[in-house]
Amino acid sequence: PSYLVLFFDQIYNFSYFQNGIILAMYYIGNGLISPFTGRLIDKTKRKGLLMGLGLLALDLAFMLLIIPFPPNFALFGISTIIFFVGVFSTIYHPVGSMLLNYYYKEKSGSALGINGIGGSTGRAIFPLLIAILAGLTGTKTYGIFILTFIILFPAIFIYCDLRNIIV
């Protein structure tokens, strides 16, 4: 979410401190919830279902960023959404790593490495696509909406494909 600060800064003219608050909220949400998410993942047998729901929730949280906040509420609104983006991101990675380890056993290191390439590529392309779409449409709203709508399809596919996997 760090690249999103650039868009919000242009719209709301946040200070460096306010931008720092927004960035920190992702890690606060992620760090506070990770131990609880880990226990939930350990207890559930339907890890694929959890992973699909986690991606869906993450995508929907990102979509909330298209809301135009009044200037006096923007910092709170955006920080809250980014907090939940951090919370929902705690589901995908542990479940994904667990499933890769389960299915690829001796080659799990290679599988995790390939998965890491995919994640890094996505995190590199996402801000570029938002910037391109924002430039074409004149607003970050359409860029975020279009990309979250596109990401919704893999989230639904993963949910449908993995929901019945019991590990």
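Mentor: Leaving aside the neighbours within four places in sequence, Ser-79 is in contact with Ile-21, Ile-22, Met-25 and Ala-74. Please keep in mind as we go that this is a predicted model.

Trainee: Where does Ser-79 lie, and is Ser-79 buried or exposed?

Mentor: A residue is called buried when its relative accessible area is under 20%. Ser-79 lies in helix α4, which covers residues 74-104, and Ser-79 counts as buried because its relative accessibility is 7%.

Trainee: Which backbone oxygen does the side chain of Ser-79 reach?

Mentor: The side chain of Ser-79 reaches the backbone oxygen of Leu-75, and the distance is 2.7 Å.

Trainee: How should I read Ser-108, and which residues does Ser-108 touch?

Mentor: The reading follows the cut-off of 20% once more: Ser-108, which lies in helix α5, has a relative accessibility of 13% and therefore counts as buried. When residues up to four places away in sequence are not counted, Ser-108 touches Leu-100 and Asn-101.

Trainee: Why does Leu-128 count as exposed?

Mentor: The word exposed is kept for a relative accessible area over 50%. Leu-128, whose place is in helix α5, residues 108-137, has a relative accessibility of 55%, so Leu-128 counts as exposed.

Trainee: Which residues form a nonpolar patch on the surface with Leu-128?

Mentor: A patch takes in residues with over 30% relative accessible area. Here Leu-128 forms the nonpolar surface patch together with Ile-125, Leu-129, Ile-132 and Leu-136, and these residues have about 490 Å² of accessible area together.

Key. Residues are numbered from 1 along each chain as its sequence is written. This is a predicted model: local features need pLDDT of at least 70, side-chain atom pairs count only at pLDDT 80 or more; totals for chains, interfaces and linings use all residues. Side-chain values use heavy atoms; hydrogens and water are left out. Patches are made of residues with over 30% relative accessible area and no salt bridge: like charges are joined within 9 Å, nonpolar side chains (Val, Leu, Ile, Met, Phe, Trp, Tyr) within 5 Å. Accessible areas come from the Shrake-Rupley method with a 1.4 Å probe; for residues, only the protein chains shown count as cover. A salt bridge is a side-chain nitrogen of Lys or Arg within 4 Å of a carboxyl oxygen of Asp or Glu. Helices (H or I, at least four residues) and strands (E, at least two) are DSSP runs, numbered from the N terminus. Buried means under 20% relative accessible area, exposed over 50%, partly exposed in between (1.4 Å probe, protein chains only). Contact means heavy atoms within 4.5 Å. A polar contact is a pair of N or O atoms within 3.5 Å; within protein, one must be able to donate a hydrogen and the other to accept it, and residues adjacent in sequence count only if both atoms are side-chain atoms.
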